[in-house]
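Here is a short briefing for a first look. Please keep the sequence and the model in view while reading.

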Amino acid sequence: YEDVGFGTNNMTLVSLATTAETAPTKGDIVMTYTNGIAGVGGVTAINTDLTAEYSANDGGAWTSMTLVAQGSTGTAAPSFIVSAHDVALATASGTAMRYRIKTLNQGAAKETRIQAVSLGWS
């Protein structure tokens with residue numbers, strides 16, 4: 001991915017393109033993240049502080065994905081799992097698949113850290 005940050009503490013992660021065998025009509029994403037500032041009450045609100053989009057034309061146009069909480073891993077410093085499934089492509093078709101993830105509203109009390117991302121399509 002490339003970090004194309006757009007604010008002091010906010011970031012935008014854009015994946016490199018992966019070529020699909022045929023032009024997809026739907027996309028899926030699964031990712032994990034943590035709330036990175038220990039002992040501080042900043043909690044990431046999905047779809048507000050953490051957003052996801054995908055593109056089928058190498059980032060020429062993006063389709064927003066509504067993330068859904070899927071649970072967490074562990075209790076000491078949990079990673080949270082979120083996903084979006086069967087999101088219909090709302091923009092230009094193609095086969096150059098990319099995701100774009102944004103962390104927003106970050107600062108001294110909130111630091112969202114992305115650990116893993118998987119983009120799928122059909």
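Which residue in strand 6 is the bridge partner of Glu53? The bridge partner is Ser64. This is a predicted model, in which local features need pLDDT of at least 70, side-chain atom pairs count only at pLDDT 80 or more, and totals for chains, interfaces and linings use all residues. Residues are numbered from 1 along each chain as its sequence is written, and side-chain values use heavy atoms, with hydrogens and water left out.

- Strand 5 covers residues 50–55, and six of its six residues are buried. Strands (E, at least two residues) are DSSP runs, numbered from the N terminus. Buried means under 20% relative accessible area, exposed over 50%, and partly exposed in between (1.4 Å probe, protein chains only).
- In a regular strand the side chains alternate between the two faces of the sheet.
- Leu50, Ala52 and Tyr54 point one way from strand 5. Thr51, Glu53 and Ser55 point the other way.
- Strand 5 runs antiparallel to strand 9 (residues 96–103), with six bridges joining them. Strand 5 also runs antiparallel to strand 6 (residues 63–65), with three bridges. Two strands pair if DSSP finds at least two bridges between them.

**Glu53**

- Glu53 is found in strand 5. Its relative accessible area is 12%, so Glu53 is buried.
- Glu53 stands opposite Arg100 in strand 9.
- The side chains of Glu53 and Arg100 make a polar contact at 2.6 Å. Such a contact is a pair of N or O atoms within 3.5 Å; within protein, one must be able to donate a hydrogen and the other to accept it, and residues adjacent in sequence count only if both atoms are side-chain atoms.
- Residues that Glu53 touches, beyond four places away in sequence, include Trp62, Met65, Arg98 and Lys102. Contact means heavy atoms within 4.5 Å.

**Nonpolar core**

- The largest nonpolar core has 21 residues. A nonpolar core is a set of buried Ala, Val, Leu, Ile, Met, Phe, Trp, Tyr and Cys residues joined through side-chain atoms within 4.5 Å.
- Among the residues with the most contacts inside this core are Ile29, Leu50, Leu67 and Ile114.
- Elements giving two or more residues to the core include strand 2 (11–14), strand 5 and strand 10 (112–121).
- Leu67 is in contact with Ile29, Met31 and Leu50, among others, leaving aside neighbours within four places in sequence.

Note on methods
Helix = DSSP H or I, 4+ residues; strand = E, 2+ residues; numbered from the N terminus.
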